[in-house]
Every structure is written in structure tokens, then in C-alpha cells.
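Here are my notes for you, as numbered points. Keep the model open while you read and look up each residue as it comes along.

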Amino acid sequence: APGRPPGAVCLSGTTVGGRLILRGALLRNAAGPALLADYLTVKSDAGGCEQAGDGMVALGAGALGAVCLAAASISGQLALRGCLLGSGTGPALAADFASIQGDAWLDLDFTAIGTGGHGVVTLEDASVGKILSCAGSFISPEPGSGTAGPALNLARTKAGTLRLGYPGPARFEKAGVLRLDGLTYSGLPEAG
């Protein structure tokens, strides 16, 4: 679209009839998202990074995020275990308004490095049908190098069971670490 930075891989508005596997991928873009997949529809699982050693590396730039899954619809799970997502000028993962019917795994050595007022990892107004697991490192650069924002933004997110720091530790490096206003979950939260 005019005025919008291109993704290194662009899947915006695409429908994937089966699984979307990103295991072991290296995606880089100095001018925009490494993976631009807003309004993506996946009829099964997405990510395919189910163990710590499976993770992809996505390095991008800009307000859309290194990985942009805004308003994506995933019928299965989103597995980003062991992934490294980074941006010096925006969020590492932007998945606002995403709908994930299964689990969302952001754990097992998951590392997100980003900046901006919206958050390092943002799932604002998102929906996760089963477990939302956030464990790993959620890091924002030192003050003065970017706009202040939370490390993890779950404002108005709806989840099944919420896990923070389980099965491994979670490291949230930012003042105002979590934004949880309006977060709802149906299962008891699990914390490490």
C-alpha cells in the first residue's frame, strides 16, 4: 500500500489453508517489518516454533513491528518458542486484534527487543482461546533511545489460562513493565 513500508516477507490479507511454518527462518528488513502479516488467516497452526531450538529470527524496523500479526486469524496455535524478534524503532511483535483459537506460546527462550509507547510485545484487544504463555525476555532499550512503553501489553486481551513466567522465568525489562487493564481470562493464572 502507498506510504506503508514493505515487509521482507509480506503475507498481508493472505489465507493459508494449512499450517504456516516459520521454524528456523531468518527474516531481516531495515526499512519495515521482517514479517508483515496483518489480516492473515491461517486455517491451522502458525509459527511452528514448538521447541527452544526451533525459533526464527525476525529483525525489522518501524511502528508496524518486527513481526506484525495485527488482526490475524489463526484457527490453531501460535508457537513462537525460542524466537528472537527485534526492532530498534518499534515493537518486536504487534498482534493487536489478533484472534488465536488455540494456545499462544511466547516462551522457552523467547526474546523480544523493541521500543515504542505501545509496547515491546503487544496483544491489545487480542483473543487467545486456550493458554497464553509469556516467558522469556521482553526488553526495551535504555531510556532515551526510544519512546517509553510497557514490555508486555495485554490491554483488553481475552485468554483462556494465562501463564507469566512458566514453564521458565520471564524477564520484563522496562519501567511500567506490564499493561493489563481490561485483561480477562477464564482459567486460573499460572506463574513461575
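1. Phe110, Phe138 and Phe172 make up one aromatic cluster. Rings of Phe, Tyr and Trp (its six-membered ring) count as a pair if their centres lie within 6.5 Å. By this rule there are two aromatic pairs. One of them joins Phe110 and Phe138: the centres are 5.5 Å apart and the planes make an angle of 50°, which is called tilted (planes under 30 degrees apart are stacked, over 60 edge-to-face, the rest tilted). This pair links distant parts of the chain, 28 residues apart, with Phe110 in strand β15 (residues 104-113) and Phe138 in strand β17 (residues 127-139). Phe110 and Phe138 are both buried (buried is under 20% relative accessible area, exposed over 50%, partly exposed in between, with a 1.4 Å probe and protein chains only).

2. A word on where this comes from. The model is predicted, so local features need pLDDT of at least 70 and side-chain atom pairs count only at pLDDT 80 or more, while totals for chains, interfaces and linings use all residues. Residues are numbered from 1 along each chain as its sequence is written, and side-chain values use heavy atoms, leaving out hydrogens and water.

3. Now find strand β8 (residues 57-60), with Ala58 and Gly60 on its covered face and Val57 and Leu59 on the uncovered one. Helices (H or I, at least four residues) and strands (E, at least two) are DSSP runs, numbered from the N terminus. In a regular strand, side chains alternate between the two faces of the sheet. Strand β4 (residues 26-28) runs parallel to β8 and is joined to it by three bridges; two strands pair if DSSP finds at least two bridges between them. Here Leu27 stands opposite Ala58. β8 also pairs with β12, again in the parallel sense, over four bridges, and there Gly60 stands opposite Ser87.

4. Leu84 lies in strand β12 (residues 84-87) and is partly exposed, at 31% relative accessibility.

5. Next, an open sheet: seven strands with parallel pairing, in the order β1-β5-β9-β13-β16-β18-β21. At the edges stand β1 (9-10) and β21, each with a single partner strand, so one side of each has no neighbour in the sheet. Strand β18 (residues 152-153) pairs with β21 over two bridges, where Asn153 stands opposite Arg179.

6. Cys49 is buried, at 0% relative accessible area, whereas Cys10 is partly exposed, at 47%.
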